[in-house]
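Trainee: I would like to learn how to read a few backbone and sheet features, one at a time. Could you take me through them with the model in view?

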Amino acid sequence: MRHDVFFAGYGGQGVLLAGNLLSYAAIHEGKNVSFFPAYGVEKRGGSAMCTIVFADGDTGSPVVGNPSVSVLLNQLSFDKYAAKVKSGGICIVNSSLVDTSHIDLPGIEVILIPMNQIALDRGDVRMVNMVACGAYIEKSGALQRSSLEAALKKALPERNHKLIPANIQAMVAGAEASRG
Amino acid sequence: MSTNPLEKIFVKGNEAVAMGAIEAGCRCYFGYPITPQSDIPEYLSRELPLLGGEFIQAESEIGAINMLLGASATGVRAMTSSSGPGISLKQEGISYMAGSELPGVIVDVMRAGPGLGGIDASQADYWQATRGGGHGGYRIIVLAPSSVQEMYDLTMLAFDLSDIWRIPAMVLADSVIGQMKESVTPNPRPETVLPAKEWVVRGREDGEPQNVVKSLYLGDGEMEKFHWKMLARYQELAEKECRWEEVQTSDAELIVTAFGSTARIAKTAVAMAREAGIKVGLMRPITLFPFPKKTYAALSARCKHFLAIELSTGQMIDDVRLSVARDADVDFYGRPPGAGSLPTPEELFEQIKKNYRARA
């Protein structure tokens with residue numbers, strides 16, 4: 001089974017960390033993984049995106065034109081990438097920052113989650129990426145939550161390990177919100 | 001970094017190059033930072049001193065390549081890395097190394113050019129890499145990884161091949177493979193039988209036979225002899241060391257050919273085309289020099305239609321055309337850098353369909 005997911009947002013939203021986290025989780029489950037990042041030269045505020053492909057066998061192209069799942073965290077990335085989701089695919093959108101009313105997406109399941117609000121309710125808006133990861137694994141069924149918990153230890157520097165419980169809570173909240 | 005050799009690690013392509021070099025026994029690195037390869041010096045600046053090695057951020061790329069020449073002349077395994085603009089500066093030193101028959105590994109993580117170009121993915125250093133790049137008429141071994149695993153494995157191989165053949169070896173990567181992360185098995189260094197290091201500078205007053213490292217051949221007939229000797233060596237290299245990957249070529253009516261990251265994307269496009277019932281295969285050269293000419297010749301005895309895909313306006317296609325049978329056609333699809341995006345498998349699938357129909 002081959003899974004691919006595209007994450008995009010602006011720099012500072014933790015898009016690349018989310019991609020790293022999913023990659024570590026997939027490795028934890030014995031998969032082969034490719035993680036292809038692209039970001040602007042800006043430290044904050046530029047565009048950030050990444051494509052993660054994981055499979056039991058060959059991951060194939062690290063670049064995907066029409067992703068099975070896209071997780072879009074800001075307006076710019078929604079406007080640019082929502083329509084590229086594969087027919088029958090899933091588009092998970094941060095409705096705290098994105099207005100989706102102007103784009104019609106026939107054949108794509110659009111999941112609206114107020115990710116900023118959920119992260120804020122749990123204490124820190126910077127956990128928006130964890131909310132997104134939780135929603136992704138819930139909707140795709142591609143990875144176990146326990147693998148993401150194990151991945152947090154690998155993806156985060158040790159000084160931040162004290163934040164892992166709060167991040168797991170944010171993930172759980174994202175998963176719950178995606179069930180509607 | 002201590003790792004269990006059986007456990008997969010998750011690293012960037014550039015880091016895999018550095019790790020492969022260390023595993024191959026490289027203990028000296030000389031370089032100057034440039035995007036998109038700076039993770040290589042960053043990693044080695046941290047790790048080499050811990051291993052008793054030497055990391056030097058040189059004053060320039062020219063300084064770095066000449067340090068590589070000097071280190072190689074002492075018999076240690078050494079490496080330098082850069083991207084296009086820096087690799088151009090290194091050409092004089094590479095030519096001197098080739099003229100001195102010194103081994104050494106040079107990594108080019110290609111970026112857009114000419115000139116300062118940009119940091120987009122590009123494969124436009126193919127000609128420079130495979131034609132020697134510097135003056136005087138020489139070739140270097142060129143290996144083209146298409147995964148992070150191959151960044152690790154081919155860097156190790158580059159050291160061995162360079163020692164065995166006494167020819168500088170280049171790992172020709174691009175910013176896609178350099179910057180992406182993948183799960184990698186950190187394989188142990190292969191147990192290759194290596195030659196005695198006859199190239200090492202030696203000769204003291206106590207009568208030890210002298211070996212001078214030089215590329216100046218002024219004796220009567222000396223230079224000509226060198227060139228014929230090297231030609232024979234390049235020919236033997238081509239006989240013994242060509243490496244490539246074929247995917248579903250046996251019944252293919254169209255063979256896509258590409259190297260590096262492009263081959264990786266093309267491979268998925270080929271799989272998509274096969275699902276759609278199109279008889280297409282993939283030929284990916286792993287050694288760009290020596291180029292696997294005989295394989296192309298054999299493939300083209302049966303399949304008369306090739307499609308070369310490159311992140312340039314067409315360079316490897318020259319070698320493909322020189323290798324295939326005369327009655328075979330080679331079409332081209334190029335994506336020179338600067339489009340702001342890479343070709344997708346979907347896009348290459350469209351090209352396969354178009355070319356397949358055109359010749360059907």
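Mentor: Let us start with a pair of residues: A:Phe7 stands opposite A:Val71 in E4(A). This is a predicted model, in which local features need pLDDT of at least 70 and side-chain atom pairs count only at pLDDT 80 or more, while totals for chains, interfaces and linings use all residues. Residues are numbered from 1 along each chain as its sequence is written, and chains are lettered from A and ligands numbered from 1 in the order in which they are written.

Trainee: In which sense do strand E1 and strand E4 of chain A pair?

Mentor: In general, strands of a sheet pair through backbone hydrogen bonds, either parallel or antiparallel. Here strand E1 (residues 2-10) and strand E4 (residues 69-72), both of chain A, pair in the parallel sense over 4 bridges. Strands (E, at least two residues) and helices (H or I, at least four) are DSSP runs numbered from the N terminus, and two strands pair if DSSP finds at least two bridges between them.

Trainee: What is the strand order in the open sheet of 8 strands?

Mentor: The order is E6(A)-E5(A)-E4(A)-E1(A)-E3(A)-E2(A)-E8(B)-E1(B), and the pairing is mixed. At the edges are strand E6 (109-113) of chain A and strand E1 (9-12) of chain B, each of which pairs on one side only. From one strand to the next, the twist averages 15°, where axes are lines fitted to C-alpha atoms, for helices over the stretch in contact, and angles run from 0 to 180 degrees between N-to-C directions.

Trainee: Which peptide bonds are cis, and where do they lie?

Mentor: Most residues other than glycine have a negative phi, and most peptide bonds are trans. The bond from B:Thr35 to B:Pro36 is cis, with omega near 10°, and B:Pro36 lies in the loop between strand E2 (28-31) and helix H2 (39-47) of chain B. The bond from B:Phe289 to B:Pro290 is also cis, with omega near 0°, and B:Pro290 lies in the loop between strand E12 (287-289) and helix H10 (293-302) of chain B.

Trainee: Where is B:Arg166 found?

Mentor: B:Arg166 is in the loop between helix H6 (148-165) and strand E7 (169-174) of chain B, and its phi is near 50°, a positive value in a residue other than glycine.
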